[in-house]
Amino acid sequence: MGMSSDDVVLIEEGKNSGEPSVVTVNCPDKAGLGCDLVRNVLEFGLYVTRGDFSTDGKWCYIVLWVVSRPLSLKIDWGSLKNRLLSCCPSFLPAFYLSQLPDRSRSPPLYVLKVFSLDRQGLVHDVTKVLCELELTIQGLKVMTTPDGKVLDLFFITDHLDMLHTRIRREETCEHLSGVLGECCISCELQLAGPEFKYQQGFSSISEEVADELFSCELSAKEDCSQTINEAVSGDTKAVINVDNLMSPAHTLLQIQCLDHKALIYDILKISKDCNIRIAYGRISTSVKGYRSLDLFIQKDDGKKILDIENQVALCSRLKEEMLHPLRVIITNRGPDTELLVANPVELSGKGRPRVFYDVTFALKTLGICIFSVSCSIYSLSLAKKGMSSKYIFNANKLLNSFI
């Protein structure tokens, strides 16, 4: 007999504004579960203040303390619970599983055509509505005409897998028309044809710009054996201590680094992509802008990480994520100023949550108008590390307050 949804995911909302809500997940374990859960929490505009992870390899127990950012953000806790349930392994009763989208296939791609009068913050306003409706932006093309009009093509997928219904499509267009008001000329939503799918994977970035954008890789020779105390007393922004003596069966990673909104996801993403299992983890609250984590980990074969080269490689990848969660440069292309923002994509193909939302919000806040946008996936071969990475296009000081 299956467990009820309340036994699997329990959300206890904070009683007062600013007080953390507690999200508890109790379910069978699977590879990358923690990463998937934190990703969905971030997609709802929530920030993880602290957390606990525990698993015996078969069953896991995860507790996350979360707050909304900004505090005025309205959270649909029911939708969040359903999203978290969809991450958990399939063990619920068949009648409940039939209500969840099928994750065994890639979701269909739709194109949203928004034709309107141009105004400041238009792209972000549309992006905000799509986030609220649980629609994910896979690509975007913005074209501005000389007469002050703009055509936005949003390539989107639906987490609820309901865009094939007329009601869902009409609901989306009605929400957008209500937000855009009189400046909205037309709004259309349809299944994307083969020509749109081809454009989605195309990138026009030059090799010179790519070299500059991705040149801030950390050296694998960087010392990963510094202690936590050295990080606190010095100017080091990210320190990882590897300890194989504390536990007879696990390698302990003690991490101290500057905090940012998606830090926990960035760290868990590396463990997921490297097939590292976190048997127990404790995430402490931020103190003076620094975050501490204790992670007891194993390789996928259940053994410690004893090889020094493997330790250095893992610490190097973690430091890259902690110090450079986004790659940002500003270039000039003719008369236009071009902002390039890149973030690594999971091996599963998923990018960092809400990057485009944060970028457009930053530009709107700074009063910077968007003339044209191109968003796509770029594959980068890292021969030095014997692997390939993918980045999503999307500058430094501009985004520091939002990453």
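Guide: Start with a definition: the expected span of a helix is 1.5 Å times one less than its number of residues. Keep in mind that this model is predicted.
Visitor: How many residues does helix α6 have, and what does it reach from its first C-alpha to its last?
Guide: Helix α6 covers residues 166–180, so 15 residues. It reaches 21 Å, close to the 21 Å expected.
Visitor: Which residues of α6 are buried?
Guide: Arg168, Thr172, Cys173, Leu176 and Leu180. Down the axis of α6, its buried residues fall within an arc of 130 degrees, so they line one face of the helix.
Visitor: Why would residues point the same way?
Guide: An α-helix has 3.6 residues a turn, so residues three or four places apart point the same way.
Visitor: What do the buried residues of α6 pack against?
Guide: Several elements, including α5 (122–132) and the strands β5 (110–117) and β8 (184–191).
Visitor: And which exposed residues sit on the face turned away?
Guide: Arg166, Ile167, Glu174 and Gly178.
Visitor: What comes just after α6?
Guide: Gly181, with a positive phi of about 70 degrees.
Visitor: New topic. How many residues of α3 are buried?
Guide: In α3 (residues 77–87), 9 of the 11 are buried, so this helix is largely enclosed by the rest of the structure. Among them are Trp77, Lys81 and Cys87.
Visitor: Last one. Is Ser271 buried or exposed?
Guide: Ser271 is buried, because its relative accessible area is 11% and buried means under 20%. Ser271 lies in helix α10 (residues 263–273).
Visitor: What does Ser271 touch, leaving out residues up to four places away in sequence?
Guide: Ser271 touches Ile276 and Ile278.

Methods:
Residues numbered from 1 in each chain as written. Predicted model: local features only at pLDDT ≥ 70, side-chain atom pairs only at ≥ 80, totals over all residues. Heavy atoms only, no water. Helix = DSSP H or I, 4+ residues; strand = E, 2+ residues; numbered from the N terminus. Buried < 20%, exposed > 50% of the residue type's maximum accessible area, 1.4 Å probe, protein only. Contact = heavy atoms within 4.5 Å. Arc of directions from axis to C-beta.
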